Every structure is written in C-alpha cells, then in structure tokens.
Amino acid sequence: MPEQTRATEPAGDPAAPRHELSSGPGRVLVFVYGVFAVAATGRSLVQLGTDAGRAPFAYSLSLVAAIIYLVATTCLLLGGRRAWRVAVVSCVVELVGVLTIGVLSYVDTALFPDKTVWSHFGQGYGFLPLVLPFLGLAWLRSTRPGAQRAA
C-alpha cells in the first residue's frame, strides 16, 4: 500500500523530481536513527523494568526519546509529504527535548541519578543525541517537498 501512495503523493508538477528521504545521505541518517531507536528503547525498557523506582522521571523520558526516534526512523523510511512533516515535528521535539533535558540534568541532578539518552546532552552516547536533530532537520530541509521545483 505505501508504494501506491509514493507514486501519487507529489502534488503540483507530477514531472518534478522527487528525492526520497532515505536516499543518499538520508540512508546514513535512517541507519543512525534506527540504531538510536533500538538502543534507547532497549535501555529505557531495561531501566524501567529493573529499577523504575530509582529514576522514574529520567527513565520515562528515555522511553519518550525512544518513541521519537522510532517515529523519525519510520517517517524517513516512508517518505512522502505527510511523513516529511511528521519527521520535521519529530526532529524539533527531539531537539527541544535534548536541550531541555540536557540543561535540566545539570541543574537538578536529583531528577537524573542515572544516565539517560538525553541527559547531559547525550554525553553517554558521544553527544550524538545533541547533533542528530540538527542533522535531521538539515536533511529534511534539503528534501522538503517542492524544493526541487523551486531550484
């Protein structure tokens, strides 16, 4: 079913070239988002399942981050206007989340007694959670629907 949507999705000039979100550099982005989706999901579920009482707020936020990574990965794989829009929203929420949680994890250390995906700006993941939404938004900007017609 998604294949039929892809063929008819571009509005406007049907002859306009269309870049898939998961093509070219987008493939690397999809891979990285996929890795983060799996890592954040696994880590948050283990943390919540084994020691939820230790840091319920922090571990729950890790699960939220995992869901956002899953949504972004799925949208980047699907392509199309709607998926592009949802991917943009996901990346913006991800950016706001990592910046907010990054600051909060330094200001109120009691809320984050254990490392999470976004705490300390993703320090436990090599600061990639801080860089990833910027890369995602840059890629989405370059592949936005209608960008090829304007160029």
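How accessible is phenylalanine 127, and does that place the residue as buried, exposed or partly exposed? At 39% relative accessibility, phenylalanine 127 counts as partly exposed, where buried means under 20% relative accessible area, exposed over 50%, and partly exposed in between, with a 1.4 Å probe and protein chains only.

## Basis of the model

The structure is a predicted model, in which local features need pLDDT of at least 70 and side-chain atom pairs count only at pLDDT 80 or more, while totals for chains, interfaces and linings use all residues. Residues are numbered from 1 along each chain as its sequence is written, and side-chain values use heavy atoms, with hydrogens and water left out.

## Overall make-up

The protein has 6 helices and 0 strands, so that, read from the N terminus, its elements run α-α-α-α-α-α; helices (H or I, at least four residues) and strands (E, at least two) are DSSP runs, numbered from the N terminus. Of the 151 residues in the protein, 37% are buried. Among contacts between residues at least 6 apart in sequence, 69% join residues at least 24 apart, a contact being heavy atoms within 4.5 Å.

## The nonpolar core

The largest nonpolar core has 31 residues, and those with the most contacts inside it are Tyr33, Tyr69, Leu76, Trp118 and Leu140; such a core is a set of buried Ala, Val, Leu, Ile, Met, Phe, Trp, Tyr and Cys residues joined through side-chain atoms within 4.5 Å. Two or more residues of this core come from each of α2 (25-51), α3 (56-78), α4 and α5, and α3 gives the most, with 10 residues.

Tyrosine 33, when residues up to four places away in sequence are not counted, touches Tyr69, Ala72, Thr73, Leu76, Cys91, Glu94, Leu132, Pro133 and Gly136.

## Packing of the helices

Two packed helices are described by the angle between their axes and the distance between the axes. Here the axes are lines fitted to C-alpha atoms, for helices over the stretch in contact, and the angles run from 0 to 180 degrees between N-to-C directions. For α4 and α5 the angle is about 155°, with the axes 9 Å apart, and that makes α4 roughly antiparallel to α5, given that angles under 35 degrees count as roughly parallel, over 145 as roughly antiparallel, 65 to 115 as roughly perpendicular and the rest as oblique. Their crossing is left-handed, a term used if the near helix is turned anticlockwise from the far one by less than a right angle, with right-handed used if clockwise. The contact includes Trp84, Cys91 and Leu99 of α4, along with Pro129, Phe134 and Leu140 of α5. The residues of this contact divide into 15 nonpolar, 1 polar and 1 charged, where Ala, Val, Leu, Ile, Met, Phe, Trp, Tyr, Cys and Pro count as nonpolar, Asp, Glu, Lys and Arg as charged, and the others, Gly among them, as polar.

The helices α2 and α3 also pack at an angle of about 155°, with their axes 8 Å apart, and are therefore roughly antiparallel to each other. The crossing of α2 with α3 is left-handed, and the residues of their contact divide into 16 nonpolar, 7 polar and 1 charged. The axes of α2 and α5 come within 11 Å and cross at roughly 145°, again in a left-handed crossing. Among the residues that make this contact are Pro25, Tyr33 and Phe36 of α2 and Leu128, Gly136 and Trp139 of α5, and the whole set divides into 11 nonpolar, 2 polar and no charged.

## The loop between α4 and α5

Most residues other than glycine have a negative phi. In the loop between α4 (81-107) and α5 (128-142) lies histidine 120, whose phi is near 55°, a positive value, and which is buried, with a relative accessible area of 12%. Phenylalanine 127 lies in the loop between α4 and α5 and has a phi near 65°, likewise positive.

Phenylalanine 112 has its place in the loop between α4 and α5 and, at 5% relative accessibility, counts as buried. Leaving aside neighbours within four places in sequence, phenylalanine 112 is in contact with Phe57, Ala58, Leu61, Ile101, Leu104, Ser105 and Ser119. Phenylalanine 112 and isoleucine 101 are 11 residues apart in sequence and 9.4 Å apart in space, C-alpha to C-alpha.

## Leucine 45 in α2

Leucine 45 is found in helix α2 and is partly exposed, with a relative accessible area of 48%. Its C-alpha atom is separated by 7.2 Å from that of leucine 63, which is 18 residues away along the chain.
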